[in-house]
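Please keep the sequence and the 3D view open as you read.

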Amino acid sequence: MTDQLTAPSAERPGAAAPPSWWRDAVIYQIYPRSFADSDGDGIGDLPGIRGRLPYLRDLGVNAVWLSPFYASPQADAGYDVADYRTVDPMFGTLADARGLIGDAHDLGLRVIVDLVPNHSSDQHEWFRRALAEGPGSPMRARYHFRPGRGAGGELPPNDWPSIFGGPAWTRTTDPDGTPGDWYLHLFAPQQPDFNWDHPAVADEFRTILRFWLDLGVDGFRIDVAHGLVKAQGLPDLGATTEWHLLDVGVSPCFDRDGVHDIYRSWRRILDEYPGERIAVAEAWAPTLDRVANYVRPDELHQAFNFSYLGTAWEVAAQRRVIDESLEAMRRVGAPATWTLSNHDVVRHTTRLLQADEGDVAGRKPAEVDPVAGLRRARAATLLLLALPGSAYLYQGEELGLPEVVDLPPEVRQDPAFHRATGQDGYRDGCRVPIPWSGEQAPYGFGPAGGPSWLPQPESWARLSVAAQQGDPASTLELYRAALALRRADAALGAADNLRWCEAPEGLLVFERGSALRCTVNMTDRPIRIPRPGEALLTSGPVGLSEAEVEIPADTTVWWSV
Ligand code: NOJ
C-alpha cells in the first residue's frame, strides 16, 4: 500500500511524494453542505469539515473529495458555479479553504476538489453579460445561444431534453423586452452549458486549474466530463428517448471524441506540479471501454466506475463487471475504481436490496428492511475494498446510513424533483446531514438545538459516530478495520493480482496475491465450505469450526490463506 502523505502541498514544491499514491487510494467524498456545520445556519461548511479531519485520518482514508463549495446561487447544490475562484460565504472563505488543505496535508490526507466545466451558473459574470449585451455579442459565443424554430422562434432550437426534465433550452428576453434567442442547458435552466469550441472557455478553465493547484489541491473530480463537447450544428436527437440523470450514452452531446483533447491539455498542466496531482472523470459513457478512453496515459488518472455501481448483487453479474472493469483499465494502464454510493444515487444500504438496483440515479427509492439492507451493504463494502485499484466512499456510508425515503416534498431541494414530474429528482435522500453524536437532531451536525437543511430521521441517534465508536460490531469499526488491513496488507495494494477461485453456487471467491482470499455469500441462505484459513475480517458473524465455516446470507469474509 502507499505510504502516508509526505508533502504534496504547493507551498513545499519539489518535495518527494510516494509514487502513484492514487492507484490504490481510498478517497472519501465529502458533501460539504451535509458534513458538519460550524456556524449553526443548518448548512455544513469548510470550518466544520476542518474540525472533523482527524475523524477521517482515524477512519483510515487516503484522500477527501469535496463536492463544490464555490460561489453559487445553489440552484443545483453548488453544481451551478457563479465564480470558480471564490468560496461561497455559506461555506466560508478562501482562507478557510487554504487552511483546510493545509490541515489535511498535515494529517496525511490529500484533497481533491470538484471542477464543473460543462456549465456555469446563470449568475456567472459571463452569462449575465451575455444576456445583457444581447444577440451577437461576444459573450454569447461562450455559451450556446440559438434562434428558436417556428414562425416566431417560439420552439426550442432542437429536440434535446434536459437531464432534469423538460427541454434543454430556455428562451431569453432581449434587452428591449421582446422574446429573444434560446440558450442550452443540459441540466437546470440556471446551468447554461459553455461552448467549449470557444478558445476563451478553454483558457479560462486552464487558469482555474492552476488557481487551485497553486492553492495546494491534490486533484480534481471533473463533473460531467463526458458532456463538454457537442456535435457540430447541435443536431436533433430524432428520437423520443427519455434521458435520465446521467445515464445517456453516446449522443450529440455526450461522450464525443473531442473531449479527449481537453483532458490531454489538462494532464500537461497537472504534470507540471509536484506530488502527482490527479483528475478523476465523472464520465457516464456507455461501455467500460469508452470510459477507459478518459484514462489513457496522457489523459486523466481515474474515472468513476458506474457500471460497477449499477450492477446487481449476484455472483455472475458481479464477476462479469469486475473482469470487464479490470480488463478495460488494463488496456490503458489505469487503475480500476470502485464505488457504491455518492451524492446522486440511492445509498447502497437501501439500493442493493431493491429489485431494480441497476436504476441508480435519482429515481424514487422505496423503504427496505433496514437490518437486511445493512447486512448486504456491509458485505458489499468488504467486497469493494478487496478489489484491486482505488475505492471511493461516500460520507455516511461508514455509519451504514440508509437512504431517507420519506422526505416531504416541501423540504426537497433537488432541482430535478420539481421539473421531472416525479420520476426523477430523489437525490435529497442520500444528502441528509451526518449524525455525529447525541440523542436529538441535529446530532452534532451543528450546534445543539440548531437546524439542519434537511431533517434527520429520529432513528439516527443510534447511527451517530459517537454511538458506534468503540463498538466492534458497528459499521464504523468495520470500515476502520477494513481500511487498516488494506493499508497493512501488501496483497490488497494496487497490483493487478485478482484470481477467481472455484466456489459453490452463490459464493463469489477470489484471491489477491497468494495470501489473501475474499469469500462473498450473495445468496439469502448460509453456505458451508471447508475453512480457507484464518479469518481476518467478517462483515457479520460467521460459524467457524476447525475444519469448516458456515458463511451466512449476504456476508463477506477476508481470509489469510
Ligand atoms: C453531476 C453531479 O454529480 C450532480 O450532482 C449534478 O447535478 C450534475 N453533475 C450537474 O452538474
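This is a predicted model: local features need pLDDT of at least 70, side-chain atom pairs count only at pLDDT 80 or more; totals for chains, interfaces and linings use all residues.

Residues are numbered from 1 along each chain as its sequence is written, and side-chain values use heavy atoms, with hydrogens and water left out.

Strands β17, β20 and β19 form an open sheet in the order β17-β20-β19, with antiparallel pairing (two strands pair if DSSP finds at least two bridges between them). At the edges are β17 and β19 (543-544), each of which pairs on one side only. Two bridges hold β19 and β20 in the antiparallel sense, and glycine 543 stands opposite glutamate 550 in β20.

Another three-stranded open sheet has the order β6-β8-β7, and its pairing is antiparallel. Here the edge strands are β6 (145-146) and β7 (169-173), each pairing on one side only. Strand β7 is joined to β8 (residues 179-184) by four bridges, and threonine 173 faces proline 179 in β8.

## A covered strand with parallel partners

What covers strand β10 (residues 278-281)? Both of its faces are covered, with Ile278 and Val280 on one side and Ala279 and Ala281 on the other, all buried. Strand β9 (residues 219-222) runs parallel to β10 and is joined to it by four bridges, and glycine 219 stands opposite isoleucine 278. Two bridges also join β10 to strand β11 (residues 302-303), again in parallel; valine 280 has glutamine 302 in β11 as its bridge partner.

## The nonpolar cores

In soluble globular proteins, nonpolar side chains tend to be buried together. The largest nonpolar core here has 147 residues, and those with the most contacts inside it are Tyr28, Leu56, Phe69, Phe220, Tyr263, Ile322 and Leu383 (a nonpolar core is a set of buried Ala, Val, Leu, Ile, Met, Phe, Trp, Tyr and Cys residues joined through side-chain atoms within 4.5 Å). Helix α4 (residues 199-215) gives the most to this core, with eight residues. A second, separate core of 15 residues includes Leu184, Phe187, Ala188 and Val224.

Leaving aside its neighbours within four places in sequence, its contacts include Leu209, Trp212 and Leu213, along with Ile278, Ala279 and Val280 (contact means heavy atoms within 4.5 Å).

How many salt bridges does the structure hold? There are 31. One of them joins aspartate 289 and arginine 331, whose closest N and O atoms are 3.4 Å apart. Aspartate 289 lies in helix α6 (residues 288-292) and arginine 331 in helix α8 (residues 315-332), so the pair ties together parts that are 42 residues apart in sequence.

Aspartate 344 and arginine 427 also meet in a salt bridge, at 2.9 Å from N to O. They lie in two loops, 83 residues apart, and both are buried. Salt bridges that share partners join Asp76, Asp344, Asp414, Arg427 and Arg431 into one network.

## Helix α13 and the cysteines

Helix α13 (residues 475-488) has 14 residues and should span 20 Å at 1.5 Å a residue; its end C-alpha atoms are 20 Å apart, which agrees (the expected span is 1.5 Å times one less than the number of residues). Among its buried residues are Leu476, Tyr479, Leu483 and Arg486.

The disulfide count is zero (a disulfide is a pair of cysteine sulfur atoms within 2.5 Å). Cysteine 501 is in no disulfide, as the nearest cysteine sulfur, that of cysteine 518, is 9.9 Å away. Cysteine 501 counts as buried at 12% relative accessibility, and cysteine 253 counts as buried at 0%.

Definitions and conventions. Buried means under 20% relative accessible area, exposed over 50%, partly exposed in between (1.4 Å probe, protein chains only). A salt bridge is a side-chain nitrogen of Lys or Arg within 4 Å of a carboxyl oxygen of Asp or Glu.
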